Amino acid sequence: MKRNINRVAVLGSGIMGSRIACHFANIGLDVLLLDIAPGKLSEAEKKKGLKLGDKVVKDRIVESSLQTAIKSKPAPLYRASLASNIQLGNFDDDLSRIKEYDWVIEVIVENLEIKKQLFEKVEKFRKPGSLITSNTSGIPIRQMSEGRSDDFQRHFCGTHFFNPPRYLKLLEIIPGPKTDPEIIDFFMNYGDLHLGKTTVLCKDTPAFIANRIGIYSILKVVKTMEKLGLTIDEVDKLTGPVIGRPKSATFRTSDVVGLDTLIKVANNLYEGLPDDEQRDIFKLPEIIGALEKNNWLGDKTKQGFYKKTKDEKGNTKILTLDLKSLEYRPKQKTKFQTLELTKPIDLVKERYKVLLGGKDKAGEFYRDSFYGIFQYISNRIPEISNELYKIDDALCAGFGWEVGPFDTWDQIGVSKSLDRMEEAGYKPNQWVYDMVNSGIESFYTIENGIRKYYDIVSKSYKEIPGENQFIILDHLRANNEVWKNSGASILDLGDGILNLEFRTKMNTMGGEVIEGINKVIDLGEAEYRGVVIGNQGANFSVGANLGMVFMYAIEQEYDELNMMIATFQKTMMRARYSAVPVIVAPHSMSLGGGCELTLHADRVQAVAETYIGLVEVGVGLIPGGGGTKEMTSRVSERSESGDVEYNALQNAFMNIATAKVATSAHEAREMNILRPQDRITINPYRQISEAKQAAIELAEAGYSKPAHKKNIKVQGQGGLALFLSGINGMRMGNYISDHDALIARKIANIMCGGNLSSPTEVSEQYLLDLEREAFLSLCGERKTLERIQAILNGGKPLRN
């Protein structure tokens, strides 16, 4: 049966319900968001003479919830205008409308009886064959569907989103006892393709997969901390980015999520897992009980493990809870020799052996906490999952781990760890010994670019379902590398398409990357059909290597600077005017030079979560790699009359002058950074594959090199006068500094074409020359050098 989802009804508008509704709106669905009607009038409603039966009163809760969600940070919508996709209503008046919807998802309070009462009402109105799911985080799916019709039960399952739904990639799919397998297959595919999720099929066990292992991991860390006498500051230092976990680490994450949520899940696990060998770890430690008693639940109560306060000067200060005295004290800097040893190691996976081999207290911490997790996950198969990769997928997508626990174990060395784990009292399950004894020493392997996992039943490697639809660059590197230098790598993606991958710190664009861009185009033009420029690092690129700019500027090596900028510009133009199609695939932070490269692509294949913009003004410069030129050119292409031209030019100018960054690929389209022909990928794992397909499409359509533009409309001195008037007004009102005004005047001068007496058509090279001149002149400004040094050296003052 072919099934399409066009309309979704979300029942419940709390924190999760309203944000799930927003994410459905993000992908263009027609959304109905419903909640209960209030039981009494508010004071404001009484003053207006409203009655409980008035529609505006009955929709007050759902309206307030949605507005709170829309205003929240991080934003749940790709762009604010998408809220128009959401209609509101209440259960009393509007529940019958669900008969018009393809999917009904329940997101109300975690109470089995209340959910069952709602499902009884839902069954009266839903159309047969429509999907019905629950976003429960732990109530058994089998219990919720008891007593419902056969059609209801065949189309019912759990669809557990993680908060915030737009940003966390996990969607757990939990079948009920009578769920039609076709429905599960549909959700597994739909969540991946249309919602951008890592869909994980779970068994109907307490807390499913991610929360079962994630909460165990948090409480195990607390237990190890108590055992070794570590502080909160020390533990958050040890459990953050250094091991590939979020910056919020352990205790800051607990504060953000809410300690009450952690307590609730842990208590449910303790009650629901009488046979779990580690059940006692879910019995809350005394310190968490003390926090609960004091109502110190984290951000929602203004204090938890951390507390924000103000000093005498009004500056925000973070205090940390002292676990012994239960008093807050200034945050302490921490240092461990083991962590110092990992500083030269950029790849997280390569740090684990060093971390667990540490001779100090940090090493003890890692061994105790990691060995505990390894033992626990080995015992959860087949209880919560038959396949080990699902546990890794769930932790990475739901808790933001860069490396899953089984993958981490691989990096340490499974066979080498067994004796040490036994000595530490963490003997793993027998199937791990059986695996090693059979000659298989890792949970994962890569064959022909495809990752496979160890299957316990067949005792052999199996391909991860759906993995062949993704292109994972790390998996191709061993056999498909065509060329590399210290900062870039070219891989053969097959079918005549090359991929250039940046491999510098934060993927900054220096000489190695520029060499790589030129090299991949050389190779593409000589032997291949097309080029993709994309990577799967944390960010696409944070821009140019400021260290080189600063070095040349401080030494007043302006000829070298001029040559560097000219080379960068020529490389961007090479991407634009190559003989093969060039597809740029930005994602996450794509700033400065990364944005300029994107602007010069034949086509862009952007991930929905792309934060992109020309941010050079932030360091006292202007976009000098063709960014200012390109935005001017795009205004020229879209303009139909003089008035529109000025308004559009002003918008483009303000985006550059304020270093505005789009908060999604959709907003980037509104800012004219993405064009109508550019595409958006919602699931980042599919980006390189879809970029490759875009290159193939252009090649097969008979791609030919475009002609250089020589007809870019600029406004000359008349347009420049309007900009200068506005800039001077901002300066006189003390809204901007002298240096800001100087930068703004230079941007305006470029975008209006410099010293031209009237509106004129100019070439791209003409504008590039103006860019380069402005960039060079700003490199001689002390304020610019101070801003650059603040970025490079953490704000230390510029030395004479």
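By a nonpolar core I mean a set of buried Ala, Val, Leu, Ile, Met, Phe, Trp, Tyr and Cys residues joined through side-chain atoms within 4.5 Å, where buried stands for under 20% relative accessible area, exposed for over 50% and partly exposed for what lies in between, with a 1.4 Å probe and protein chains only. Please keep in mind that this is a predicted model, in which local features need pLDDT of at least 70, side-chain atom pairs count only at pLDDT 80 or more, and totals for chains, interfaces and linings use all residues. Residues are numbered from 1 along each chain as its sequence is written, and side-chain values use heavy atoms, with hydrogens and water left out.

The largest nonpolar core comprises 108 residues, and those with the most contacts inside it are Phe-282, Tyr-366, Phe-406, Trp-409, Trp-431 and Phe-443. Helix α10, residues 210-228, gives the most to this core, with 10 residues; helices here are DSSP runs of H or I, at least four residues, numbered from the N terminus. Apart from that core lies another, of 79 residues, which includes Val-714 and Ala-748.

Turning to the helix pair, α31 (residues 716-732) and α32 (residues 738-751) pack at about 170°, their axes 10 Å apart, the axes being lines fitted to C-alpha atoms over the stretch in contact and the angles running from 0 to 180 degrees between N-to-C directions. That makes α31 roughly antiparallel to α32, a term for angles over 145 degrees.

Technical notes: Helix = DSSP H or I, 4+ residues; strand = E, 2+ residues; numbered from the N terminus. Parallel < 35°, antiparallel > 145°, perpendicular 65-115°, else oblique.
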